[in-house]
Amino acid sequence: MELQEQDFLVPHAPKPSRALEGDFFTLRTGHGLELMGRVAETVPNGLGVFGGTKVIYLYAPKEIADPESTAVPVTRIWLGPMMVNDEGWSDRYFLRICSRPFMPGERLRRHVLWTGSIDSLTTVNTQAFVGPLPERLGYWSLCLLGGIADRIKEKLGGLPDFSTPPTVHPGVGTPREFADRVKQVLANKWAHALADLSERTPEDRREILHLLSDLTDTQRARLVIEGAG
């Protein structure tokens with residue numbers, strides 16, 4: 001019999017607990033599948049309530065036997081980074097295995113999330129992100145237990161994994177398509193900047209435009225890409 005949505009994940013911890021950075025934990029499905037996860041970051045002012053947001057990684061089913069003494073590199077992450085609240089711990093769905101500091105190579109250099117807008121990325125603290133992409137990306141949403149179950153089922157079902165930023169990504173497009181969008185953003189920003197000149201005197205406007213005329217298209221594009229435009 002097919003499991004109902006609320007039964008896909010089942011509680012298996014003896015009592016409620018709270019998440020601490022560095023914790024390893026397990027979660028189980030009603031099919032008997034067991035996955036291991038880890039608390040990668042706690043965000044006091046994140047989207048969650050009663051303690052804020054946690055960023056977790058999930059590893060492939062039954063892949064890690066002894067996390068207490070064995071390094072678990074980011075290359076082993078199966079799902080994540082994923083933002084969650086305390087529900088998994090308070091409702092006994094997440095069972096803590098052990099807790100230890102991160103070894104080299106176990107934590108992503110930064111937690112960066114797709115916002116749902118093309119080429120728009122953010123940090124877990126809702127700050128716009130511009131820079132080299134990390135090894136993996138997450139989605140800008142707070143996953144409750146139902147959302148975590150959906151992500152696991154999608155992964156098990158073979159849906160494409162959009163967390164690894166490839167050279168050509170359906171959400172980013174080809175390099176030329178990305179460059180064309182940068183040019184459009186640049187044009188829009190430039191138009192807004194020039195519109196602000198309307199409050200300047202004619203002499204100021206002429207001087208500002210003259211000073212800006214030295215910028216090349218590449219320099220202007222860098223202003224946009226680096227978030228300074």
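Author: A residue counts as buried when its relative accessible area is under 20%. Please keep in mind that this is a predicted model. Phe25, at 0% relative accessibility, therefore counts as buried.

Reader: Leaving aside neighbours within four places in sequence, with which residues is Leu9 in contact?

Author: With those neighbours set aside, the contacts of Leu9 are Leu27, Arg28, Thr29, Tyr93, Leu145, Ile148, Ala149 and Ile152.

Reader: How is a pair of aromatic rings described, and how many aromatic pairs does the structure hold?

Author: Such a pair is described by the distance of the centres and the angle of the planes. The structure holds three aromatic pairs. In one of them, the ring centres of Phe25 and Phe94 are 4.5 Å apart and the planes are at 20 degrees, so the pair is stacked. Phe25 belongs to strand β2 and Phe94 to the loop between α1 (87-90) and β6 (95-99), so this pair ties together parts 69 residues apart in sequence. Trp89 and Phe94 form an edge-to-face pair, with 4.8 Å from centre to centre and 90 degrees between the planes. Phe94 is buried, with a relative accessible area of 1%, and Trp89 is buried at 2%. Phe25, Trp89 and Phe94 form one aromatic cluster.

Reader: Which charged ends sit over the ring of Phe102?

Author: The charged end of Arg38 sits over that ring of Phe102, 3.8 Å from its centre. The charged end of Arg107 also sits over the ring of Phe102, 4.2 Å from its centre.

Reader: How do the strands of a sheet pair, and what is the order of strands in the open sheet of three strands?

Author: Strands of a sheet pair through backbone hydrogen bonds, either parallel or antiparallel. The open sheet of three strands has the order β8-β7-β9, and its pairing is mixed. Its edge strands, β8 (121-123) and β9 (138-139), each pair on one side only. Strands β7 (residues 112-114) and β9 run parallel and are joined by two bridges. Trp114 has Tyr139 in β9 as its bridge partner.

Key: Residues are numbered from 1 along each chain as its sequence is written. This is a predicted model: local features need pLDDT of at least 70, side-chain atom pairs count only at pLDDT 80 or more; totals for chains, interfaces and linings use all residues. Side-chain values use heavy atoms; hydrogens and water are left out. Contact means heavy atoms within 4.5 Å. Rings of Phe, Tyr and Trp (its six-membered ring) pair if their centres lie within 6.5 Å; planes under 30 degrees apart count as stacked, over 60 as edge-to-face and the rest as tilted. Helices (H or I, at least four residues) and strands (E, at least two) are DSSP runs, numbered from the N terminus. Buried means under 20% relative accessible area, exposed over 50%, partly exposed in between (1.4 Å probe, protein chains only). A charge sits over a ring if NZ of Lys or CZ of Arg is within 6 Å of the ring centre and within 35 degrees of the ring normal. Two strands pair if DSSP finds at least two bridges between them.
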